[in-house]
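Hello,

Here is the structure I promised to pass on. Please open it alongside this email, and my notes follow below.

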Amino acid sequence: MAETVAITDLPGGVRLITLNRPEKKNALTGAMYDAMREALAEADTSDAVGAVVFAGQPGMFSAGNDLADFMGHAGDGFSNSPALAFIRQLARTRTPMVAAVDGIAVGIGATLCLHCDLVYASPAARLRMPFVELGLVPEAASSYLLPLRVGRLRATELLLLSRPLEADEAQALGLVNAVLPADMLVEQAIAQATKLAALPGGALAASRALIRGDQAQVEAALEAEAKAFDAQLRSHESQERLAAFLNRAKPASA
Ligand code: COA
């Protein structure tokens, strides 16, 4: 079976993390989170890696957490999940991260981008954060980072009403650096990551920390979200919504 996450170290100190589960629209399993978490942690300790690029497959960045996994692990909750372990690592990664988003970016597929230092999108990119619709709550500090970036009212539309964001609007809102043709996207993201990797390390690290602001706030937000997420994951309303997606039926209350 092909690797569901491919890790490739490129010349110029760029580590490319490619999601590769196209048959499920790159929905993320525990094993995929673990592979990404390890790749990030190792990037931070490796002298050879100066920047990371996240990429998906043509037309799909990621459909977010594997919803079957959410169903299966309702009893275990979110607190000990590989998803939360990945999110914690994502938030504290010191290596600059670049996202190349082509097509759908749902749930963590979208919120991951809030942690990236640069984000490039294809015209087909479509970000969506349907946590509440699924009976869940925002994760990955998105309830903190998104209002900070786009204002509370817009964040409310995106996080409570799950309004999709097309590439151009995401760029206008400052969530995406540039919209690029799909066939140039990953190449351009790698080129930008290579530039980051070539900068003087000390100056880069200090400047990046200054730009990103209060790390403790980000971590506090994601821990508070994780508690609420855990409670919601065990709720009837979320289990009903998740089952409805998996069974492709409307929830009884809809
Ligand atoms: N978890 C598990 N499986 C998923 C998935 C997810 N998050 N997203 C897609 N899949 C699976 C589908 O069940 C389907 O599997 P099947 O072929 O065995 O039936 C396959 O991937 C293709 O998905 P499909 O829905 O047919 O593709 P689409 O192009 O019509 O729609 C999406 C793509 C991403 C818009 C749609 O799949 C979707 O809304 N997925 C759920 C996204 C989500 O809510 N993520 C979690 C946020 S917290």
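**Thr-95 and its surroundings**

Leaving out neighbours up to four places away in sequence, Thr-95 contacts Ala-43, Asp-44, Val-49, Gly-50, Ala-51, Val-52, Asp-117 and Arg-208. Please keep in mind that this is a predicted model. Thr-95 sits in the loop between H3 and strand E5 (97-101). Is Thr-95 buried or exposed? Its relative accessibility is 6%, so Thr-95 counts as buried. The cut-off for buried is under 20% relative accessible area. One of the contacts of Thr-95 is polar: a polar side-chain atom of Thr-95 lies 3.5 Å from the backbone oxygen of Ala-43.

**The ligand**

There are 16 residues around the ligand. Which of them come nearest? They are Lys-24, Ala-63, Asn-65, Leu-67 and Arg-248.

- Ala-63 places a backbone N or O atom 2.8 Å from a nitrogen atom of the ligand.
- Leu-67 also has a backbone N or O atom 2.8 Å from a nitrogen atom of the ligand.
- Arg-248 uses its side chain: a polar atom there lies 3.0 Å from an oxygen atom of the ligand.

**Helix H10 and its partners**

Helix H10 covers residues 215-233. Start with helix H3, residues 82-92. The axes of H3 and H10 come within 10 Å. They cross at roughly 170°. Angles over 145 degrees count as roughly antiparallel, and H3 and H10 are therefore roughly antiparallel to each other. On the H3 side, the residues in contact are Leu-84, Ile-87, Arg-88, Ala-91 and Arg-92. On the H10 side they are Gln-215, Val-218, Glu-219, Leu-222, Glu-223 and Ala-226. By class, this contact has 6 nonpolar, 1 polar and 4 charged residues.

Now helix H5, residues 142-150. Its axis comes within 8 Å of the H10 axis, and the two cross at roughly 130°. How are H5 and H10 oriented to each other? That angle makes H5 and H10 oblique. Ser-142, Ser-143, Tyr-144 and Leu-145 are the H5 residues in contact. They meet Gln-217, Val-218, Ala-221 and Glu-225 in H10. This contact has 4 nonpolar, 3 polar and 1 charged residues.

Apart from neighbours within four places in sequence, Gln-232 contacts Gly-135, Leu-136, Val-137, Glu-237 and Ser-238. Asp-34 is 198 residues from Gln-232 along the chain. The C-alpha atoms of these two residues are separated by 23 Å.

Thr-111 belongs to helix H4, residues 108-111. How much relative accessible area does Thr-111 have? The value is 0%, so Thr-111 is buried. Beyond neighbours within four places in sequence, Thr-111 contacts Met-129, Phe-131, Glu-139, Ala-140 and Ser-142.

Ala-140, another contact of Thr-111, is in the loop between strand E8 (126-128) and H5. It is not a glycine, yet Ala-140 has a positive phi of about 55°. Ala-140 is at 2% relative accessibility, so it counts as buried.

**Ser-162**

What is the phi of Ser-162? It is positive, about 55°, although Ser-162 is not a glycine. Ser-162 is in the loop between helix H6 (152-159) and strand E9 (165-166). With a relative accessibility of 2%, Ser-162 counts as buried.

**Ile-190**

Ile-190 is part of helix H8, residues 182-198. Setting aside residues up to four places away in sequence, Ile-190 touches Leu-10, Val-14, Leu-16 and Val-53. Gln-239 is 49 residues from Ile-190 in sequence. In space, the two are 39 Å apart, C-alpha to C-alpha.

Best wishes

Terms used:
Residues are numbered from 1 along each chain as its sequence is written. This is a predicted model: local features need pLDDT of at least 70, side-chain atom pairs count only at pLDDT 80 or more; totals for chains, interfaces and linings use all residues. Side-chain values use heavy atoms; hydrogens and water are left out. Axes are lines fitted to C-alpha atoms, for helices over the stretch in contact, and angles run from 0 to 180 degrees between N-to-C directions. Helices (H or I, at least four residues) and strands (E, at least two) are DSSP runs, numbered from the N terminus. Angles under 35 degrees count as roughly parallel, over 145 as roughly antiparallel, 65 to 115 as roughly perpendicular and the rest as oblique. Contact means heavy atoms within 4.5 Å. Ala, Val, Leu, Ile, Met, Phe, Trp, Tyr, Cys and Pro count as nonpolar, Asp, Glu, Lys and Arg as charged, and the others, Gly among them, as polar. Buried means under 20% relative accessible area, exposed over 50%, partly exposed in between (1.4 Å probe, protein chains only). A residue is near a molecule or strand if one of its heavy atoms lies within 4 Å of it. A polar contact is a pair of N or O atoms within 3.5 Å; within protein, one must be able to donate a hydrogen and the other to accept it, and residues adjacent in sequence count only if both atoms are side-chain atoms.
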